[in-house]
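Dear colleague,

What follows the display is an account of what was found in it, taken up one topic at a time.

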Amino acid sequence: MTHTTAQLQTWDKQYVWHPFTQMQDWLADDPIVIVKGEGSWLIDSDGNRYLDGVASMWTNVHGHSHPELNRALAEQAAKIEHSTLLGLAGEQSILLAKRLVEITPPGLTRVFYSDNGSTAVEVGLKMAYQYHCHRGEPQRTRFLRLQHAYHGDTVGAMSVGGIPIYHATFSPLLFSTIEAPAPYCYRCPLGKDDPAACGMACLGELERLVQEHRGELAGMMLEPLLQGAGGMIVHPRGYLRGVRELCDRYGLLLITDEVATGFGRTGRMFACEHEEVSPDIMAISKGLCAGYLPLAATLATEKIYGAFLGNYAELKTFFHGHTFTGNPLACAVALKSLELFEENSLLAAVRQRSEQLALRLARLAQHPQVGNVRQCGLAAGVELVKGKHSKEPYPWEEKRGIRVCVAARKHGVFSRPLGNTVVVFPPLAISAAELDSLLTGLERAIGEVCGDG
Ligand SMILES: *Cc1c(COP(=O)(O)O)cnc(C)c1O
């Protein structure tokens, strides 16, 4: 039975509490109700079509309702939908783990499954801490993290987060971490205004913090190359490598969070590849299952895995696990997705689309209300400002980002901003023509909300 749009909207407002949403605003408006997806398009209950400008919260890879992924899902469902990894092994989780070890940066050899980005991060934090315990250094309880960092919304993941508007309310509940300056060159926290001349002073400051906290540090949590939720902040080339070298020099574990950057988003399979960095621990989720099902994993090196081996009574076991760990449906879809990467030469296509995106962004950068454009592969942020030369931000209460996204809907584009930063984060398989319309839609919306310049 199908329901009318009005009925669905009424029930949504009556029953659903939406994430990161002021429900009072939500209730004042009629939501778009999505009933269908086709490639890069979302289709609502009235048949309107929108380009999916945020890849359904940064998860979509090959497009919506992809026939081959649908088939892989149906075939697996006909075999078994779920069995546990507590006490049993599973065909699909074995095959996927083998494949993940093959394609992730060298040195990562073990795969620990969970079901979302936050849990993958939590697993990384607990793994890192327990590793130090096993090596007789239980005092290593603290983690370094960046300003503007986002690693998820569970309590541990928030503790390594650095976005005040999300995290400040909960700060009394969080464990204490050490904040390092973000390599956010447009608004350099160290007040350097020339990224070519500063010699990455932020790395120097990071080293000072490492020295200051030496004996108590377990590791550093980092989104490599691109801080997504913090505002699509793109790090200068060499920063990641610099962090890796610092971690090596001071015996810290480097935990990279590739939840947003993993699976082709940056033009390589993983962001770490751009700087030939291998982390000690790596969290992956969003693109892993191509946007189909909640699936995540935390990969670790043999050295870390080995530290957990011992007699039962030594209690070296990694005491962590989630009910849906290694879910066969999700693993089967993830495996098929990785096959499609090869079959469709998707990474090469992403690099082409990224060049196309760069050209359009260069034009957008001329707009008087665009302060900065930042791009990493097929992810970009367009930071809107009140004053181009002063870099004065629009007051957040003006909701410029949100207003641009609302205006974009009339042009057939769905997007979601990060504060005053307009986001471009389409399905990786988006066509050249679709990417063009997406950018035209956003450009028009920016003109309508911030003036045509
Ligand atoms: C989205 C995101 C997370 C959290 O993932 P959830 O699945 O929403 O818990 C963690 N880290 C990064 C970098 C992300 O972009």
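I begin with Lys-399, which counts as partly exposed at a relative accessibility of 36%. Please bear in mind throughout that this is a predicted model, and that the values below are computed from it.

Which residue does the side chain of Lys-399 meet in a salt bridge? The partner is Asp-25, and the N to O distance between the two is 3.3 Å. Asp-25 belongs to helix α2 (residues 23–27), whereas Lys-399 sits in the loop between β14 (379–384) and α14 (400–409), so the pair ties together parts of the chain that are 374 residues apart in sequence. Asp-25 is itself partly exposed, with a relative accessibility of 42%.

This contact is one of 28 salt bridges found in a search of the whole structure. Another example joins Glu-383 to Arg-374, with 2.8 Å between the closest N and O atoms. Are these two residues buried or exposed? Glu-383 is buried, at a relative accessible area of 6%, and Arg-374 is buried as well, at 7%; the cut-off that matters here is that a residue counts as buried under 20%. A further salt bridge links Lys-316 with Glu-314, their closest N and O atoms being 3.8 Å apart, and in this case Glu-314 counts as partly exposed, at 43% relative accessibility. There is also a network of salt bridges, which connects Lys-98, Arg-99, Glu-102 and Glu-342.

Next come the empty spaces in the model. Rolling a probe the size of a water molecule over the atoms shows where empty space is left. The second largest pocket holds about 640 Å³ of space, and its lining is made up of 25 residues, with Arg-110, Val-111, Phe-112, Tyr-305 and Phe-318 lying nearest the centre. Several elements supply at least two residues each to this lining, namely α5 (91–103), β4 (108–114), β12 (296–301) and α11 (302–307). Which of them gives the most to the lining? It is β4, with four residues. Sorted by class, the lining of this pocket consists of 17 nonpolar, six polar and two charged residues.

Among the residues that line the largest cavity are Trp-58, Thr-59, Asn-60 and Val-61, together with Phe-263, Arg-265, Phe-425 and Leu-428. The lining of this cavity divides into six nonpolar residues, four polar ones and one charged.

Most residues other than glycine have a negative phi, and most peptide bonds are trans. Trp-58, however, has a positive phi of about 70° although it is not a glycine, and Ala-55 likewise has a positive phi, of about 45°, without being a glycine. Ala-55 is placed in helix α3 (residues 55–58), and Trp-58 is found in helix α3 too. Ala-55 is buried, with a relative accessible area of 0%, and Trp-58 also counts as buried, at 7%.

On the surface, Trp-11, Tyr-15 and Val-16 form a nonpolar patch that together has about 320 Å² of accessible area.

Leu-86 lies in the loop between α4 (67–79) and α5 and is exposed, at 66% relative accessibility; its C-alpha atom is 38 Å from that of Leu-378, the two residues being 292 apart in sequence. Gly-191 lies in the loop between β6 (178–180) and α9 (201–213) and is exposed as well, at 59%. From the C-alpha atom of Gly-191 to that of His-132 the separation is 36 Å, for residues 59 apart along the chain.

With kind regards

Terms used:
Residues numbered from 1 in each chain as written. Predicted model: local features only at pLDDT ≥ 70, side-chain atom pairs only at ≥ 80, totals over all residues. Heavy atoms only, no water. 1 Å grid on protein atoms, 1.4 Å probe; cavity = no way out; pocket = protein on both sides within 12 Å on 5 of 7 lines; lining within 4 Å. Points joined across faces, edges and corners; volume = space filled by probe spheres on them. Nonpolar A, V, L, I, M, F, W, Y, C, P; charged D, E, K, R; others polar. Salt bridge = Lys/Arg side-chain N within 4 Å of Asp/Glu carboxyl O. Buried < 20%, exposed > 50% of the residue type's maximum accessible area, 1.4 Å probe, protein only. Patch = residues over 30% accessible without salt bridge, like charges linked within 9 Å, V, L, I, M, F, W, Y side chains within 5 Å. Areas by Shrake-Rupley, 256 points an atom, 1.4 Å probe, with all protein chains shown as cover.
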